[in-house]
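Here is my note on the structure, point by point. Please read it with the model open beside you.

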Amino acid sequence: MKGIGVSPGIAIGKAFILKKTEAVSSGILLSSKAEVLLEIERFDRAINRAVDEIEAIKTERQLSLSNEDLAVLETQIELITDPQVKSDVIEKIETDKKNANDALIEVIANFVDLFENMDDEYMQARSADIKDVGDLILKQLVGQAKSPIPKFEPHTIIIAQDISPSDTITMDTSHVTGFATQAGSKTSHTAIIAKSKGIPAVVGCGPELGKILNNDAVIVDGINGLIYINPAQEIIDDYTIKRAAYKQLEGELKSLKDKPAITTDGKKITLSANISDADDMEKAFENGGEGVGLLRTELLFMDRDSFPTENEQFEFYKVVALRSRNKPVIVRTIDIGGDKHLPYFNLPVELNPFLGYRAIRICLDRKDLFITQLKAILRASVFGDLKIMFPMISNVQEIRSAKNILEEAKAELLKQQVAFNADIKIGIMIEIPSAAITADILAKEIDFFSIGTNDLCQYTLAVDRMNEKISHLYDPFNPGVLRLISNVIEQGHKNNVHVGMCGEMASDPMATLLLLGMGLDDFSMSAASIPGIKSIIIKNNMAKAKEIYKTVMEMDSSEKITAYLQEVMQ
Ligand code: PEP
Ligand code: MG
């Protein structure tokens, strides 16, 4: 059976069918005003009790709950106390004379319907959270005692229509080795929790999953999104070997968390994380990240209807700084335009938005917006080791103008007697070919470079990074791109400038030794990619990396380069 693999790993075990009883309406109507008042009061009490129950879980299990679990519980409390749900239920009680149970069942069904029909996959997945919250309140209304938590035998694989947030948190998963559900998507709750607990899971298997009976032998292949029911012995044997290999690899990567990324001949490499909000910071540290090589600030400007104020931005950067454990955090100034639009900022319609009014170009044109962001970052710089990075730099004049505005921001803060780090380090992204070619000139202006290969590839090769039709041409191993990268690192080092990379190429295992050979100082990537890249660095030495670099630079095509890298990286 094919589904969506949402939590990697392999589970072999026995099925446990987790069934839910559907709530049904009684149809009983209220006949007096007094009954209406009593019913509203009963509903209010049920909400309070449902919140109390969650608070009790938080207190009783505080030591065993992960950050993800706590976030789920907080969201549940928010949904239970949601004013819209409450007013809709009360309206049905008052106007339609429905009893509280029926009113709640109807309101929740409407919300579930609304969310299920949204275009956004993430929002669709939230319908399960709402249904779950409805069940929690209903349980209080019908006075149901806490349902007994099932005790699972070792090697249990949970088979369900869907798994709700409260199921996963209240159930003892110590014997659960896998999850398979009929519903769900990559962002569904089952996916999030399974991943955080490291339990293999396949979701979205469809109604066919209903064929499985309790105690059937089941294999969950969370890597390829496959489910096997009562498989033949050879398949079980084959998967037993695969499971052991996967576990070994997983263990190896986990054990690297606190090891520094040092080659066998002693060269220390910094591995940092690309993040877009403060919560990502924990994931970065959990995976052994040594700081943040790229904080994309765009998220802070999205999903709102006006620009965030200096104070709102300050609060955000301050939280990031406070959570950074004094490790360096590179804050990139806003990179809007191109494919990133803000609903409240009327960007012009352009023929070539990626070559248009975007990033630093907007900031230099709209000094008011830029200075607000710079002041907010400067103010937060007293709470951690923040650095500032300008995106989309194409010439030296842009750096000088940006630095002048930064000086103005500092002068304003001085005048206002607000503290900031006057020596804050400044860097630029190298993502436009002219910047890569003139790295020797630009290096004299700043403290660090960060190579943005995502855009550098698109501009060097004239390949729109969003266009699937020409994606085969989007190739970081093109000798043209590699020469630019190599020049940036060489010129950076000649000028005592630290050189990092925050584009996707930094997380490509095929590129690791090549980049190491070029002398790259800092690799920044999504937190989950860090252990894999570290495992390559610590098993190799600089002599080998330099040899690979030398060989690659003498090759004339990406085909030869990738074939060679595949061979040496095997
Ligand atoms: C890049 O261009 O490589 C980069 C890291 O920036 P973004 O992907 O945000 O454009
Ligand atoms: Mg970019």
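1. His155 is partly exposed, because its relative accessible area is 48% and that label covers values between buried (under 20%) and exposed (over 50%), with a 1.4 Å probe and protein chains only. The residue sits in the loop between helix H5 (121–141) and strand S3 (156–160). Helices (H or I, at least four residues) and strands (E, at least two) are DSSP runs, numbered from the N terminus. Phi of His155 is near 60°, a positive value in a residue other than glycine.

2. A word on the basis. This is a predicted model, in which local features need pLDDT of at least 70 and side-chain atom pairs count only at pLDDT 80 or more, while totals for chains, interfaces and linings use all residues. Residues are numbered from 1 along each chain as its sequence is written, chains are lettered from A and ligands numbered from 1 in the order in which they are written, and side-chain values use heavy atoms, with hydrogens and water left out.

3. Ala462 also deserves a look. Its phi is near 55°, again positive in a residue other than glycine. Ala462 lies in the loop between H17 and helix H18 (479–494). Is Ala462 buried or exposed? It counts as exposed, because its relative accessibility is 69%.

4. Now the overall layout. The chain is divided into domain 1 (1–231) and domain 2 (270–569). These bounds come from an automatic or database domain assignment. The C-alpha centres of the two domains lie 40 Å apart.

5. Asp258 lies in the loop between helix H8 (233–255) and strand S8 (270–275). It is exposed, because its relative accessible area is 66%. Its side chain makes a polar contact of 3.3 Å with the side chain of Lys257. Such a contact is a pair of N or O atoms within 3.5 Å; within protein, one must be able to donate a hydrogen and the other to accept it, and residues adjacent in sequence count only if both atoms are side-chain atoms. Asp258 and Leu104 are 154 residues apart in sequence and 49 Å apart in space, C-alpha to C-alpha.

6. Next, ligand 1. How many residues surround it? There are 14, and the closest are Arg296, Arg332, Gly452, Asn454 and Arg465. A residue belongs here if one of its heavy atoms lies within 4 Å of the ligand. The shell divides into 3 nonpolar, 4 polar and 7 charged residues. Here Ala, Val, Leu, Ile, Met, Phe, Trp, Tyr, Cys and Pro count as nonpolar, Asp, Glu, Lys and Arg as charged, and the others, Gly among them, as polar. Strand S9 (292–296) and helix H17 (453–461) each supply at least two residues. H17 gives the most, with 3.

7. Check the ligand 1 oxygens. One is 2.8 Å from an N or O atom in the side chain of Arg465. An oxygen also lies 3.3 Å from a polar backbone atom of Gly452, and an oxygen is 3.2 Å from a polar backbone atom of Thr453. The protein covers 98% of the 290 Å² of accessible area that ligand 1 has on its own. Areas come from the Shrake-Rupley method with a 1.4 Å probe; for residues, only the protein chains shown count as cover.

8. Last, the magnesium ion (ligand 2). Its protein donors are Glu431 (OE) and Asp455 (OD), 2.1 to 2.2 Å from it. The pair links distant parts of the chain, 24 residues apart: Glu431 is in the loop between strand S12 (426–430) and helix H15 (433–437), and Asp455 is in helix H17. Glu431 counts as buried because its relative accessibility is 2%. Asp455 is buried too, at 3%. Donors are N, O and S atoms within 2.8 Å of the metal (3.2 Å for Na, K and Ca); water is not among the atoms, so sites may look incomplete.
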